[in-house]
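The sequence and structure are shown first.

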Amino acid sequence: MSKVMIHPASYENCQKAVDRAFDLFPLEVEGKKVLVKPNVLRLAQPGEAILTHPAVLKAVVTKLMSMNTGQIIVGDNPGVFTYGANEAAFEKSGLMEAAQGHYQNIGAESREVPFNPEFKERLSVSRAVLDADVVISLPKFKTHGLTVVTGAIKNSFGILPGAQKAQLHKLAGNPARFNEMLVDVFRLRVPDLFIVDAVVGMEGNGPASPDLRDIGLVLASDNAVALDATMARLMGVADPGQLRFLAKAREAGLGEFSQEAIELIGELIPIADFKLPPMGGEAIARAPKIQEFIESRTLLRPQADPDKCTSCGACVDQCPAEALAFDEELPRVDPEKCIVCFCCQEMCPEKAMQLL
Ligand code: SF4
Ligand code: SF4
């Protein structure tokens, strides 16, 4: 039976709830490499409740620092709107300070792994995720137009650097397949512990809706299916099995969503009149503007300006997808390999690399 903690918390006192999560779900971290992954969807202020709040991240890092953790890495890969803007997103949200010196741009190095060929033969995953001994995922309590709930399983979409997220949106083609694809990404590296920032949550048309709710909770579990099902029940979804990603995750043996299979530590009181997005997200997935935007984000490719490029080779050496090679004196991209992570643009000392 899986356990889910539901603990009252504010941003001023969330250390207590985080410490309790570590007591209930003990982790061996002494001398180990631990990756902490908040939800850093895009550039946003803490008050917008789009990202995991810095107070929750700070409490988790503080706890790990007190446990003789070998190495702590805090990082995420922002989504379709701002991929590549890792540092800027952490700075703007206060997450950089909350990381207490442990931030790393996890988009800068990745490794290819086999994926579900129905979508794509191979994906590049942040090396820091694959190399970690322990992964701690910090989802935000939010709605999402395509999945209804964006919690533990959806937060793992951020292990993919660059435009792969946009490419997979496009390759999935419809909400049902998108939900299935998310579970396949989640399975590439199932995190060991999930701690959800549900102090202030988001309702309505998430994942970047202006409708916020004071919920006053921190949730935790070591099982994503049980945790996401509990989030769904808090949001008023009586049967979480209706959510396609949860049905698929259960089929894949990742956990159970029935209430009988979940031991609650704390009180589950559904949030009154919680506004859900339309179940299934068909309307959003079909919206031509959204489709065009996603398409445009998958087509960007780097191009070196011949007037500025000094052929220093920094971009070729450091491209995480090995997508750049010199053609005469200029770096050229292999569009099949490029994951549009923006690293070459960020690292070019001459500002010669553009994404067009
Ligand atoms: S070519 Fe540039 S944008 Fe493409 S994967 Fe390499 S570093 Fe990233
Ligand atoms: S890092 Fe910039 S200057 Fe150096 S080879 Fe690449 S594009 Fe040219």
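Two strands pair if DSSP finds at least two bridges between them; strands (E, at least two residues) and helices (H or I, at least four) are DSSP runs, numbered from the N terminus. This is a predicted model, in which local features need pLDDT of at least 70 and side-chain atom pairs count only at pLDDT 80 or more, while totals for chains, interfaces and linings use all residues. Residues are numbered from 1 along each chain as its sequence is written, and chains are lettered from A and ligands numbered from 1 in the order in which they are written.

Strand 1 (residues 2–8) and strand 10 (residues 212–221) run antiparallel and are joined by five bridges. In this pair, His 7 stands opposite Val 218 of strand 10.

Both strands belong to an open sheet of seven strands with mixed pairing, ordered 3-2-6-9-10-1-11. Because strand 3 (71–74) and strand 11 (262–265) stand at the edges with a single partner strand each, one side of each has no neighbour in the sheet. From one strand to the next, the twist averages 20°.

Helix 1 (residues 14–24) lies across strands 1, 9 (193–202), 10 and 11, at about 165° to strand 1. Helix 2 (residues 54–65) lies across strands 2 (33–38), 3, 6 (134–138), 9 and 10, at about 170° to strand 3. Contact here requires C-beta atoms, placed from the backbone, within 7 Å; axes are lines fitted to C-alpha atoms, for helices over the stretch in contact, with angles from 0 to 180 degrees between N-to-C directions.

Ligand 1 is surrounded by 14 residues, the closest being Cys 319, Cys 338, Cys 341, Cys 343 and Cys 344; a residue is near a molecule if its C-beta atom, placed from the backbone, lies within 6 Å of it.

Technical notes: Contact = placed C-beta atoms within 7 Å.
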